[in-house]
Amino acid sequence: MAFGPHKTDSSLETTRMNALIQILALTASVLFTLSASDVFAQSSTTPDKDMNGHATDSNVASPNTQPMAGNTVVSNGEPICGINHLVRCIQDLGEDEKGIFTSPLRVHPKDAYWLMPLGTATGFAFAYDADAAQAVGVDASRTNVANTITDFGSFYATGAESAGIYFLGLARKNPKLAETGRLGAEAILDSGTVALLTKLASNRPRPLQGNGRGHFWADGTSHWEFDSSFPSDHATASMALARVIAGEYPHWYVVLPAYGFAESIGISRILENQHFPSDVLVGQAIGFLSGGYVLNHRALYRPGAKRTLTSKLIG
């Protein structure tokens, strides 16, 4: 499908390159804004605390967290979500969703310092969406490569990746690694619920559907998509997992690959004509905030106040 007037190959490639640069700038700005807000929020509660208010360390559990048989732990006498305590996992998910969906009620004026840049970047992305889809165009070879990359960022794939981290932690008797996998899966499920409900409410066609403009409810109520374009669930899931990994291991050699993985998934979804830039931006915001929520309320082995410069900027 082609949009707009005919362009020469040279001018078309230049336009596409400019489009990609702007897309990268948008995604980076949102990631930086969200990360900066998270670091700022944590700076007033250093060292990090677990969900019970106890200080944690990067390698040891909190004073009221004890290992138990079967690779499980307890905190204040209550079992922690794990393979042997699935009911606890369901309870945690319910509590998470309640906290996440009621979070707008707890927004304060001071949150404007990150909400305003995020809103501005998202608004710019909405305005640029149709032009981005036109500039990116359709390339079968590129689409195949992008599709291969995004296969690693689906909810199913990231869920399997989280499970792999969890069971590797159990096998190595490394509770922190197991926690990373467990919380990664929890963040993916939490963010997935938000993404699904947003998809149902937005009913946005994908870039190659309809007139390619990405209008919400373009056909009114006569056509409804269960899996609409807004937001990108691949971007949501991959960012949720990346946020947890980067939060548990805030070292540049972990943070950069984690967020690089999430960004490559988001960009690839745009390049394979499955999403507009705003779909990816909002999806990443949902994933990032959901991952941060899970870390702040569930992590028992999260690092304390010591942070590298890189982790302060993007972790």
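**A disulfide, a surface patch and model confidence**

At a relative accessibility of 15%, Cys89 counts as buried, since the cut-off for this class is under 20% relative accessible area. The structure in question is a predicted model, and in it Cys89 is joined to Cys81 by a disulfide. Cys81 is likewise assigned to the buried class, its relative accessible area being 10%. The two sulfur atoms, of Cys81 and Cys89, lie 1.9 Å apart. For readers who like to check torsions, the angle about the S-S bond is 95°, and the link between Cys81 and Cys89 is right-handed.

Attention now turns to the surface. Here a nonpolar patch is formed by Phe126, Leu196, Phe216, Trp217, Trp224 and Phe226, which together expose about 580 Å² of accessible area. One of these residues, Trp224, is found in the loop that runs between α6 (175-202) and α7 (233-248). Trp224 has a relative accessible area of 47% and is therefore partly exposed, as the exposed class requires over 50%.

The protein has a mean pLDDT of 77, with 71% of its residues at 70 or more. Across residues 39-72, however, pLDDT stays under 50, and the model gives this stretch 75 contacts beyond four places in sequence. Residues 305-315 also have pLDDT below 50; for them the model contains 27 contacts beyond near neighbours in sequence.

How values were computed:
Residues are numbered from 1 along each chain as its sequence is written. This is a predicted model: local features need pLDDT of at least 70, side-chain atom pairs count only at pLDDT 80 or more; totals for chains, interfaces and linings use all residues. Side-chain values use heavy atoms; hydrogens and water are left out. pLDDT is the predictor's confidence in each residue, from 0 to 100. Contact means heavy atoms within 4.5 Å. Patches are made of residues with over 30% relative accessible area and no salt bridge: like charges are joined within 9 Å, nonpolar side chains (Val, Leu, Ile, Met, Phe, Trp, Tyr) within 5 Å. Accessible areas come from the Shrake-Rupley method with a 1.4 Å probe; for residues, only the protein chains shown count as cover. A salt bridge is a side-chain nitrogen of Lys or Arg within 4 Å of a carboxyl oxygen of Asp or Glu. Helices (H or I, at least four residues) and strands (E, at least two) are DSSP runs, numbered from the N terminus. Buried means under 20% relative accessible area, exposed over 50%, partly exposed in between (1.4 Å probe, protein chains only). A disulfide is a pair of cysteine sulfur atoms within 2.5 Å.
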